[in-house]
Amino acid sequence: MAIAKAERLMNLALCLLGTRRPLSKRELRESIEAYVEAFGPGPGAAFGPGRSALSGSSAGSEDSFNRMFERDKDDLRELGLVIETVENLDGEVGYLARRDSNRLPPITLDAEEAAALGLAAKVWQQARLAGAASGALQKLRAAGLPEDVDPYESHGALEPHIPVHEAAFEPLMLACRDRRPVVFDYRKATAARPEQRQVEPWALECWRGHWYLAGWDRDREAERVFRLSRITGKVRSRAGKFRAEVPDVVTVRETVASWAGERADGTALIRLRKGAGYPLRAKAVAARERGEGWDELEIPYGHGLDAWLVEFGPDVVVLEPAELRADVVDRLRAVAKG
């Protein structure tokens, strides 16, 4: 049904765009096959194969055609087609869509705008969207992109790149776009085995080289953020609509930053094995050698730091504060128990 309607609207649009004079409702009914098949050629049409004196002559058929035609006309206008209604000298109403009224203005891009488009395309060069990005730039070139500008040319030292190695990226991106609930198996940093999660996906964002998904966890009835690299198996779509309201602004990066201790209100003292934990060393406000293959670091301490430290396993020992040490020990014990 959807394909039939799309074809009918396309044929109606082509008729209105292809005529040099206004076409009456009767002429459009006789010209578009979908109308003829549904309602007949209309009153006053010449008989032909498949037509009879009764074809389309009933009041019910005429009313049904009028309703469909008005809906189709409104749908085309909703899509942006400018349809004019013209009355001739005999009082008959006709319709047409002038080409000059429905022609988009020429695309003009300066060098800076072309460079921005090139950078945007290079961001996705490793993803499944690379083909679409390349095709879009080719169309822009055909539409008037300056010939002396190469969108793929390197501009200074800026070379954007977003890794999308996770298999979950594409199905989650489509689910976010289409507002479809999903189900996947997720392994937390402190868990030995993955758990099934039912999520209403809101947004994807890359932070510190990793992709994260923000959404509504149906089982926990709360907003959650998931790291894509911890999703195991396939992402499965589910039928139905979202139950929770999607917020106007989804703060993926801010949430992950707080979990990683980016929003710190104090400092923690840890012991770190030499040659390990480079992300921790980059955050350190002070570092000292302690011998026997260990260094002592002071790092910012905020909510979620315990979960991050657990990821470094035996390479990290928490010295202070006591509550952080206790949280890390509890998490490690939970992992050990499975």
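The model is predicted: local features need pLDDT of at least 70, side-chain atom pairs count only at pLDDT 80 or more, and totals for chains, interfaces and linings use all residues. Residues are numbered from 1 along each chain as its sequence is written, and side-chain values use heavy atoms, with hydrogens and water left out.

Helices (H or I, at least four residues) and strands (E, at least two) are DSSP runs, numbered from the N terminus. I call two strands paired if DSSP finds at least two bridges between them.

Take the five-stranded sheet. It is open, antiparallel, and ordered S7-S6-S5-S4-S8. Its edges are S7, residues 222-227, and S8, residues 231-237, each pairing on one side only. On average, neighbouring strands here are turned by 40° against each other, direction ignored. Helix H7, residues 169-178, packs on this sheet, where it touches S4, S5 (195-207), S6 (210-217) and S8. Contact means heavy atoms within 4.5 Å. The direction of H7 makes about 90° with that of S5. For these angles, axes are lines fitted to C-alpha atoms, for helices over the stretch in contact, and the range is 0 to 180 degrees between N-to-C directions.

Opposite Tyr186 stands Ile231 of S8.

S1 is joined to S3, residues 93-96, by two antiparallel bridges. Within S3, Gly94 is the bridge partner of Ser24.
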